[in-house]
Amino acid sequence: MSSPAAPERLTEIVLEPMTATHLADVLALGGRVYDTTVKPYTSWSLSAIARHLDGEASACWVALAGDRLAGYVLGSMGFDQRSDWGNLEWIASAPEYQGRGIASRLVKACCATLTEAGASAVVTDVESRNTASTALMRSNGFEASVSVTLFVRDTPR
């Protein structure tokens, strides 16, 4: 006897460049997987997505299971003052699709796009408690390079 989820597990995951038609689903998935009450995820918004999608050498990809969004990655050229670096800023897999290698495929697609656009390096940042993302980045050739501590001073209410 098969479980109700069995057919879904067999659905092929297809990667394709992100378009404006994916915006609502990407925004909704980000809202599901990022705790937007906790820094640094407080900047998750439609404008954060659009900035990458509209950016020079957009490296935004979606993973689709049929017509369902299984994951996405948002990347673009330019990081701080380095116009020759690519920036992989946002990545997510829908919880029901995690553990299937989707995030790794998205990282590879984003990095390949940025490399083709001339990136001499691709940078990303991972919150120190996010061990899954740390493992994902290490398994895809990223190395810890600079440690930055985000100091936050909330204002009294």
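Colleague: Happy to dig in! Which residue in S3 is the bridge partner of Trp61?

Modeller: First, this is a predicted model, where local features need pLDDT of at least 70, side-chain atom pairs count only at pLDDT 80 or more, and totals for chains, interfaces and linings use all residues. Residues are numbered from 1 along each chain as its sequence is written, and side-chain values use heavy atoms, with hydrogens and water left out. Strands (E, at least two residues) and helices (H or I, at least four) are DSSP runs numbered from the N terminus. Strand S2 (residues 61-65) and strand S3 (residues 68-79) run antiparallel and are joined by five bridges; the partner of Trp61 in S3 is Val73.

Colleague: Nice. What is the strand order of the open sheet?

Modeller: Two strands pair if DSSP finds at least two bridges between them. The sheet has five strands with mixed pairing. Strand S1 (13-17) and strand S5 (121-123) each pair on one side only, as the edge strands. The order is S1-S2-S3-S4-S5.

Colleague: And how is H2 oriented to H3: roughly parallel, roughly antiparallel, roughly perpendicular or oblique?

Modeller: Helix H2 (residues 23-33) and helix H3 (residues 46-54) pack with axes 10 Å apart, at an angle of about 130 degrees. Axes are lines fitted to C-alpha atoms, for helices over the stretch in contact, and angles run from 0 to 180 degrees between N-to-C directions. Angles under 35 degrees count as roughly parallel, over 145 as roughly antiparallel, 65 to 115 as roughly perpendicular and the rest as oblique. That angle therefore makes H2, relative to H3, oblique.
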